[in-house]
Amino acid sequence: MIDLDHPWTADGQRLAFRAVLEAWSRPGTVADVAAWSGGSRARTAVLAGMCDAATTLHDAHGLLGDGDRSRLGARSVVAGSAAFILADGTRPPDGLAPACGSLLAPEQGATLVLDCQAVGEGPALRLRGPGIESSAELRVLGIDARWWTARAAWCAFPLGVDLILCDARRIACIPRTVAVEA
Amino acid sequence: MPDCDLSLAPRQEVLDLAAALAVGRRLEHLAVPQEGLWLLQLEEPVRRDGWFVGEVPVGQACIALHDAVRGEARGGAVLLHADRELATAAAVCDAVVRAGWPGAEEVARLRAAGAAVHARAAGVRAAILERTRVDFSELGQEDA
C-alpha cells in the first residue's frame, strides 16, 4: 500500500540528512546523494532530509512541483521568515531578502538551497574557514556571480545564511563561517 | 458514525479492502505517511498558555487516488494507532467514500463493524462508571 520511493522513505531521508551533515562538516567537499534521490534532482533529497511540518520553506523560483511541495510538509512563508529557501542558482538573487538571524538568535539565519548546473565541475572557488585545512577548492558551474555578492552582504558573523549547492546528483555546503573567493 | 470506526474495524479487512479499491488506480501520497507519538498540546483558558498533557500514538496519511475514468479522489486519515499502513488504508477508504465511487458500501460495512466494537467498549466503560456513582444529595439528607 505504501509504495514511496527515495527520497520519501525513512531510510532515504536519514541517509540524505547524514550526507548533508558530512558536507557541512567539511565545507567544499562534494557529496553524491543520487542513491537516495529516487531520480529527482539532489535538491529534493536535501529538502526531504531537512524539512518537515515544523520547518518553513520559501520556493523563490517555483522549482518544486505540487507533489513534492506537499510531501515536504514544510509551511510556505515569505523569504524573510523562511528557515529554508530554495532558489535557482542560475538566476540572480534579485530582491531576495533571507533571514540572517539576530545577535541573540543567529541560528535563525536561513539555509539557502541553490540549484546549479553542476557541482564539482566548472570554475573554481577558493574556500577558507572552519572545517577546512588551509584552503579548499570547490568547482561550481552555472551559478550567477551575484549570489556571491549577495552572500557577502548577508553574512557578518555570527549573522548570515548557509548555502547548500545542488546539481542533479551532487551537493556541497558553504556555511556562513567560510570565506569564499570567486 | 464517529471517525474512529475504521481504526476499530478488523485491521486486515481494512488493508485488504483498501488494496482492492486501489487496484487499477494510481495511488499518490500527498504527504509522507507517518507513525509515532504525537505531543498533545492544550491551552489553559486564563492566560492561554500552551501546555503538554502527554503523548498519544498516531498514524496519519493523506493520499490521492487516480482513476483513468473517474478522475481523482483525495482522502486522509489520522488514527490513534502508530500504524501508517492502516492510516494509508483508511485514507484510501476515505477517498472512495468522499468521491462516491463503487466500494463505498464496503467501507460503510467496515465502519459499522468498527462502530459496534466502539459501542461495546463504551457500554463496558459506562457500566464500570455506573458502579462508582455517588449521589451527594442523599449524603446531604442524612446529615440533616
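Guide: Begin with pairing: two strands pair if DSSP finds at least two bridges between them. Helices (H or I, at least four residues) and strands (E, at least two) are DSSP runs, numbered from the N terminus. This is a predicted model, in which local features need pLDDT of at least 70 and side-chain atom pairs count only at pLDDT 80 or more, while totals for chains, interfaces and linings use all residues. Residues are numbered from 1 along each chain as its sequence is written, and chains are lettered from A and ligands numbered from 1 in the order in which they are written.

Visitor: How many bridges pair β1(B) with β2(B), and in which sense?

Guide: The two strands are joined by 15 bridges, in the antiparallel sense. One residue pair to look for is B:His29, whose bridge partner in β2(B) is B:Ile63. These strands belong to an open antiparallel sheet of three, with the order β1-β2-β3 in chain B. Because β1 and β3 (71-79) of chain B each have a single partner strand, they are edge strands, and one side of each lacks a neighbour in the sheet. From one strand to the next the twist averages 15 degrees, with axes being lines fitted to C-alpha atoms, for helices over the stretch in contact, and angles running from 0 to 180 degrees between N-to-C directions.

Visitor: Which helix lies across β1, β2 and β3 of chain B?

Guide: That is α3(B), running at about 135 degrees to β3(B).

Visitor: Which strands form the open sheet in chain A, and in what order?

Guide: The order is β7-β6-β10 in chain A, three strands with antiparallel pairing. The edges are β7 (136-141) and β10 (179-181) of chain A; each has one partner strand, so one side of each has no neighbour in the sheet. Ignoring direction, neighbouring strands here are turned by 50 degrees against each other on average. Strand β6 (residues 118-128) of chain A is joined to β10(A) by three bridges, and A:Arg126 stands opposite A:Glu181.

Visitor: How are the side chains of a strand arranged?

Guide: In a regular strand, side chains alternate between the two faces of the sheet. Take β9 (residues 170-174) of chain A, where A:Arg170, A:Ala172 and A:Ile174 point one way and A:Ile171 and A:Cys173 the other. All five residues of β9(A) are buried, a residue being buried if 20 or more other C-beta atoms lie within 10 Å of its own, exposed if 12 or fewer, and partly exposed in between, with C-beta atoms placed from the backbone.

Visitor: Which strands pair with β9(A)?

Guide: β1(A) pairs with β9(A) over two bridges in the antiparallel sense, with A:Asp32 facing A:Arg170. Strand β8 (residues 162-166) of chain A is joined to β9(A) by four bridges, also antiparallel; there A:Leu163 stands opposite A:Ile174. The β8(A)-β9(A) pair is a hairpin with three residues between the strands.

Visitor: Which residues of helix α2(B) are buried?

Guide: They are B:Val14, B:Leu17, B:Ala18, B:Leu21 and B:Ala22. Viewed down the axis of α2(B), these fall within an arc of 130 degrees (the arc of the directions from the helix axis to the C-beta atoms), so they line one face of the helix. On the face turned away from that side are the exposed residues B:Gln12 and B:Ala20. The buried residues of α2(B) pack against α1 (5-8), β1 (26-43), β2 (50-67), α3 (84-99) and α4 (104-131) of chain B; residues are in contact if their C-beta atoms, placed from the backbone, lie within 7 Å. Just after α2(B), B:Gly24 has a positive phi of about 80 degrees.

Definitions and conventions: Two residues are in contact if their C-beta atoms, placed from the backbone, lie within 7 Å.
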